[in-house]
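Work through the exercises below with the sequence and the model side by side. Try each task before reading its solution.

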Amino acid sequence: MPSTKEINRQQSPPPANDPSAIHFRAIAIDMHADTVQRVLDEKVDLEERLNDGHFDAVRAKEGGLDAQFFSIWVEPQLFGGGGPRAVKRADDQIAAVKNLAQQHPETWQFATTAADVRRAAADGKIAALLGLEGGYAIDERLENVERYYKMGVRYMSPAWSVSTTWAGSSGDDVGASRGLNDFGKTVVGEMNRLGMMVDVSHVSDKTFWDIMNTSTKPVVATHSACRAIADVPRNLTDDMIRALAKTGGVVNVIFYPEHIEPGWSGRKKSLDAEIAPLVQHASEDEPGDAVHKKLARDRVRQQQYALHLPKVLVSRIVDHIDHIVKLVGVDYVGIGSDFDGVQATTSDLATVADLPNLTRELLKRGYSESDIDKILGGNMLRVMEAQEASPASSK
Ligand SMILES: [Zn+2]
């Protein structure tokens, strides 16, 4: 006897343009989330539905996510902008991602290629991939680029919010005049040779243009948005978006209100000044180590932002997608949530479980299923395949 579910399916198949059906048919790839730091520092179990944060396997499946690039982020103030502690911090995060797949092969598949992602999606698993955020862990040694490639890392941003000696950041003063030096250009060449994507999220404008003039492979922004809408240095100008698209790369739109909502960043700065004593107290009251003190500070920020800063909706994320599509077409845009790396999210895409709301909004704006397939992951699969076209073994 057919089950009730089967009868329902026979009687009322979902219409071809059903948002949920379109969403779950697509291969969805999120280019950036910081969740693995929670696994290390807070010992969270991603097999369970967590009641805080933005990501776990249960909510990822609800959200129809097929692949997650985990950010291997070394916070330079806590672990150094290079040196053995920075290397160890990166290595520990990589081990934690691999451990997910070893401990729970029914949920996760460790992945390094587009084919791996397609296989994981077909098998109903979540592909777990690695991206290095900030080049601190290569410790200014070229051979470490290949070391991380061999460990499975498939993208790297030369700098996070603190400039390296070889690449300027958009987040500090020195970055304003610093691009790639000769070593930085050699690093980009090595990444091209290996097939490791160059990520321009967080780099200074000068570094961005040096990368454009150096890289021979498609370049990506894993979690950035448009300066034309939200004027913050972390975002890309229209000229930058055009140049990046010319490499065949993809701008993956970040979901963080500070980078997508006009004016939000300024209001956040004022609020940060007001709540500084609260944040400081939380840090002092936390008995744990420096990492736990940072977590305590971030918790206060999260509460205060939710109370005092304007609500932002998923439609604003789609404004940025629209802007990029109008500039360069639908082949050069993707998604990079920055989940678990930010202290605020949009209200209706608050965790990975809400990802279908993005597809719903795209449909509302007139995007076709094939457009949506590209935006959710198809464009990034194309870039990954282009990187893989000349693997390191062909040197
Ligand atoms: Zn970031």
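Helices (H or I, at least four residues) and strands (E, at least two) are DSSP runs, numbered from the N terminus. The model is predicted: local features need pLDDT of at least 70, side-chain atom pairs count only at pLDDT 80 or more, and totals for chains, interfaces and linings use all residues. Residues are numbered from 1 along each chain as its sequence is written, and side-chain values use heavy atoms, with hydrogens and water left out.

**Exercise 1. The end of H11**

Task: Which residue with a positive phi follows H11? Then find the buried residues of H11 and what covers them.

Solution. Gly-248 follows H11, with a positive phi near 90°. Next, apply the burial cut-offs: buried is under 20% relative accessible area, exposed over 50%, partly exposed in between (1.4 Å probe, protein chains only). In H11, Met-240, Ile-241, Ala-243, Leu-244 and Ala-245 are buried. Their cover includes H10, E7, E8 and helix H15 (314-328). Contact here means heavy atoms within 4.5 Å.

**Exercise 2. The zinc site**

Task: Which residues coordinate the zinc ion, and how are they spaced in sequence?

Solution. Donors are N, O and S atoms within 2.8 Å of the metal (3.2 Å for Na, K and Ca); water is not among the atoms, so sites may look incomplete. Glu-133 (OE), His-202 (NE2) and His-223 (NE2) coordinate the zinc ion at 2.0 to 2.2 Å. The spacing reads E-x68-H-x20-H. Glu-133 sits in strand E4 (residues 126-133) and His-202 in the loop between strand E6 (197-198) and helix H10 (205-214), so the pair ties together parts 69 residues apart in sequence. Both Glu-133 and His-202 are buried.

**Exercise 3. A buried arginine**

Task: Where does Arg-234 lie, and which side chain of opposite charge is nearest?

Solution. Start with location: Arg-234 is in the loop between strand E7 (221-224) and helix H11 (238-246). A salt bridge needs a side-chain nitrogen of Lys or Arg within 4 Å of a carboxyl oxygen of Asp or Glu. Arg-234 is buried but has none; Asp-338, the nearest side chain of opposite charge, is 4.9 Å away. Then look for polar contacts: pairs of N or O atoms within 3.5 Å; within protein, one must be able to donate a hydrogen and the other to accept it, and residues adjacent in sequence count only if both atoms are side-chain atoms. The side chains of Arg-234 and His-202 make one, at 3.3 Å. Beyond four places in sequence, the contacts of Arg-234 include His-223, Ile-254 and His-259.

**Exercise 4. Helix H9**

Task: What span should H9 have, and what lies at its ends?

Solution. The expected span is 1.5 Å times one less than the number of residues. For the 13 residues of H9 (residues 182-194) that gives 18 Å; the end C-alpha atoms are 18 Å apart, which agrees. Asn-181 caps the N-terminal end: a side-chain oxygen lies 3.0 Å from the backbone nitrogen of Phe-183. Just after H9, Gly-195 takes a positive phi of about 95°. Buried residues of H9 include Val-187, Glu-190 and Leu-194. The buried residues pack against helix H8 (143-151), strand E5 (153-157), E6 and H10.

**Exercise 5. His-54**

Task: Is His-54 buried or exposed, and which backbone nitrogen does its side chain reach?

Solution. His-54 is in the loop between helix H3 (35-41) and helix H4 (57-62). At 9% relative accessibility, His-54 counts as buried. Its side chain reaches the backbone nitrogen of Asp-340 at 2.7 Å.

How values were computed. Lys, Arg positive; Asp, Glu negative; His and termini not counted.
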